[in-house]
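These are my notebook entries on one protein model. I set down what I looked up, entry by entry.

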Amino acid sequence: MKGFIILLAFACCSLQMIDATVRFSNMTYDLNPEYVKGTINVKVENGVYSIGMNCDLLKKIDGNFWVTPVFSKKLGKSYVPIIDLKLDTCKTDPTLAENPLIRFVSTEAKKFVSFGLMCPYEPGHYVVNDFTFEKSNALMNFIPKGNYHVSLTSRHQPPGSKELNKVMSLSFYADFE
Ligand SMILES: *[C@@H]1O[C@H](CO)[C@@H](O)[C@H](O)[C@H]1NC(C)=O
């Protein structure tokens, strides 16, 4: 009986693992060489898709750091923005953002990064180590299955300055099935 329950528990969770898979594709990015040098890429290993980043930040970022994530969902033939907002990570910790999807994605992302998500960011080496959505995460149910496009642009406004410098932008597709 005990063995059966263990088997059942295992079956449930491996089913769930197959159930919630994310595939990342078509990663493109653009780094402002005055601020950042490095690479961002999608990796596939044993069917698990992840995003990695290996970058050097050349300038200190403080003051205001505007991040504009746009999440679009494929409806019919086109991708329709479902979240399009602007976040100053010098003022708001993204893991505490008002928007629940931003909060969820940031909390997940935090497990894979070597740095704090909140600004200021000191010059140095920044690594995102194979970011993926862990299949066992109950919060995965929070993201409806489907095809998504994600884009993100970040701009730095140095303290006391009016200029807004683009630091980086990236774009990729994420299919949840
Ligand atoms: C990704 O790029 C390939 C090659 O350019 C293209 O055929 C495909 O449609 C793109 N995927 C998405 C989801 O747009």
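**Entry 1**

I note that the model is predicted: local features need pLDDT of at least 70, side-chain atom pairs count only at pLDDT 80 or more, and totals for chains, interfaces and linings use all residues. Residues are numbered from 1 along each chain as its sequence is written.

I then looked up the pairing of strand 4 with strand 8, which is antiparallel over ten bridges. Two strands are taken to pair if DSSP finds at least two bridges between them. Strand 4 also pairs with strand 5 (residues 78-84), antiparallel over six bridges, and Phe71 stands opposite Ile83 in strand 5. These two strands form a hairpin with two residues between them. In the turn, Gly76 has a positive phi of about 70°. To strand 6, strand 4 is joined by two bridges, again antiparallel; there Val67 has Leu87 as its bridge partner.

**Entry 1: Leu152**

I located Leu152 in strand 8 (residues 146-157). Leaving aside neighbours within four places in sequence, Leu152 is in contact with Val67, Thr68, Pro69, Ser169 and Leu170. Contact means that the C-beta atoms, placed from the backbone, lie within 7 Å. The C-alpha atoms of Leu152 and Val70 are separated by 6.2 Å, although the two residues are 82 apart along the chain.

**Entry 2: The nonpolar cores**

Which residues make up the largest nonpolar core? I listed nine: Ile61, Phe65, Val67, Leu87, Ala97, Ile102, Val105, Cys119 and Tyr121. Such a core is a set of buried Ala, Val, Leu, Ile, Met, Phe, Trp, Tyr and Cys residues joined through C-beta atoms within 7 Å. Strand 4 (64-75) and helix 2 (100-110) each supply at least two residues of this core. Another core lies apart from it and has six residues, among them Val22, Phe24, Phe131 and Phe133.

**Entry 3: Helix 2**

I found Ile102, Val105 and Ser106 buried in helix 2. They are on the same side of helix 2, because they cover an arc of only 100° around the axis. The arc is that of the directions from the helix axis to the C-beta atoms. The buried residues of helix 2 pack against strand 4 and strand 6 (87-88).

I traced an open sheet of three strands in the order 2-3-7, with antiparallel pairing. Its edge strands, strand 2 (36-45) and strand 7 (124-131), each pair on one side only. Strand 3 (residues 48-57) and strand 7 pair over six bridges, and Asn54 stands opposite Val127 in strand 7.

**Entry 4: The whole chain**

From the N terminus on, the elements run α-β-β-β-β-β-β-α-β-β-β. Of the 177 residues in the protein, 15% are buried. Among contacts between residues at least 6 apart in sequence, 58% join residues at least 24 apart.

Key. Buried ≥ 20, exposed ≤ 12 C-beta atoms within 10 Å, placed from the backbone. Helix = DSSP H or I, 4+ residues; strand = E, 2+ residues; numbered from the N terminus. Contact = placed C-beta atoms within 7 Å.
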